[in-house]
Amino acid sequence: MSQFNFKTLLLAGILLSSPFAHAGLEEGIKAANEGEFAQALKEFNYLADKGFAPGIYELGKLYEGGYGVTRDYRKAAQLYQQGVAKNHPDSMFALAVLYDEGNGVKLDKQMAIKLFEQAANKNLPAAQFNLGVMYANGDGVSVDYELAKTWYEKAAANNYTLAQFNLALMYFEGLGMPKNLEKSYIWNTIAEYNGSMQASHSRKLDEQKMLPKEVEEAKEKADAIYTRILAGTYAGEGRLF
């Protein structure tokens, strides 16, 4: 089985409940997705001027990526900081990534971890996953497999595929815990349901070392967990194992 996946840099916008802001944000995101960056910039600038955190965040993404504007990590960081001040999880995550890589700000792993934790505690799966990776790899922190497992579990419960695969890897390797082939199979199966080819390959490796009855029982457990994850009712493995 492979090493832990790298931290994801994919970011997703959150729409506000205000119908006006919702519409403007949707129009801006649609324009950006279609490559109409001038229109997106107009929409996001307007929302940012009004103090709408998701608009500020989306404007930061344009500057970070250089979409319709000259790439400016420092400007992006300033915008994300405004979003953080408004308690916006995606802005916390985006700013954490900049600190983690030293783009637009001085590289600061401790600040990155602090921001990832803030976003993770607001139930942002990407932040939960990134913390799992950092604790598993000792990136800016001491290696702590227990904490890595805790954060992977939270992200996995939110149906975050990479976390599900990495959780399976921890069980397969016995990192910070006894090896558990059944749980490796279960989480690989769940990640495979979400389209992970790595998990599919790993699940087959698990299966080669299991008895047919063990495979059948593990698949039943995986199906039960996945059903609850999709329904938003899965609260952790203690409920099912």
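This is a predicted model: local features need pLDDT of at least 70, side-chain atom pairs count only at pLDDT 80 or more; totals for chains, interfaces and linings use all residues.

Start with helix H9, residues 161–173, and helix H10, residues 181–193: their axes come within 8 Å and cross at roughly 165°. Angles over 145 degrees count as roughly antiparallel, so H9 is roughly antiparallel to H10. The crossing of H9 past H10 is left-handed.

On the H9 side, the residues in contact are Thr161, Gln164, Phe165, Leu167, Ala168, Tyr171 and Phe172, and they meet Leu181, Lys183, Ser184, Trp187, Asn188, Ile190 and Ala191 in H10. By class, that contact has nine nonpolar residues, four polar and one charged.

Next, helix H4, residues 73–85, and helix H5, residues 89–101. Here the axes of H4 and H5 also come within 8 Å, and the crossing angle is roughly 145°. H4 passes H5 with left-handed geometry. H4 contributes Tyr73, Ala76, Ala77, Tyr80, Gln81, Gly83 and Val84, while H5 contributes Ser91, Met92, Ala94, Leu95 and Leu98. The H4 with H5 contact counts nine nonpolar residues, three polar and no charged.

Last, the second largest pocket, with a volume of about 180 Å³. Which helix gives the most to its lining? That is helix H8, residues 145–157, with four residues. Sorted by class, the lining has three nonpolar residues, five polar and two charged.

That is what I have.

Notes: Residues are numbered from 1 along each chain as its sequence is written. Side-chain values use heavy atoms; hydrogens and water are left out. Axes are lines fitted to C-alpha atoms, for helices over the stretch in contact, and angles run from 0 to 180 degrees between N-to-C directions. Helices (H or I, at least four residues) and strands (E, at least two) are DSSP runs, numbered from the N terminus. Angles under 35 degrees count as roughly parallel, over 145 as roughly antiparallel, 65 to 115 as roughly perpendicular and the rest as oblique. A crossing is left-handed if the near helix is turned anticlockwise from the far one by less than a right angle, and right-handed if clockwise. Contact means heavy atoms within 4.5 Å. Ala, Val, Leu, Ile, Met, Phe, Trp, Tyr, Cys and Pro count as nonpolar, Asp, Glu, Lys and Arg as charged, and the others, Gly among them, as polar. On a 1 Å grid over the protein atoms alone, a cavity is a set of points where a 1.4 Å probe fits but cannot get out, and a pocket is an open set with protein on both sides within 12 Å along at least five of seven lines; lining residues have an atom within 4 Å of a point. Grid points are joined across faces, edges and corners, and a volume is the space filled by probe spheres set on the points.
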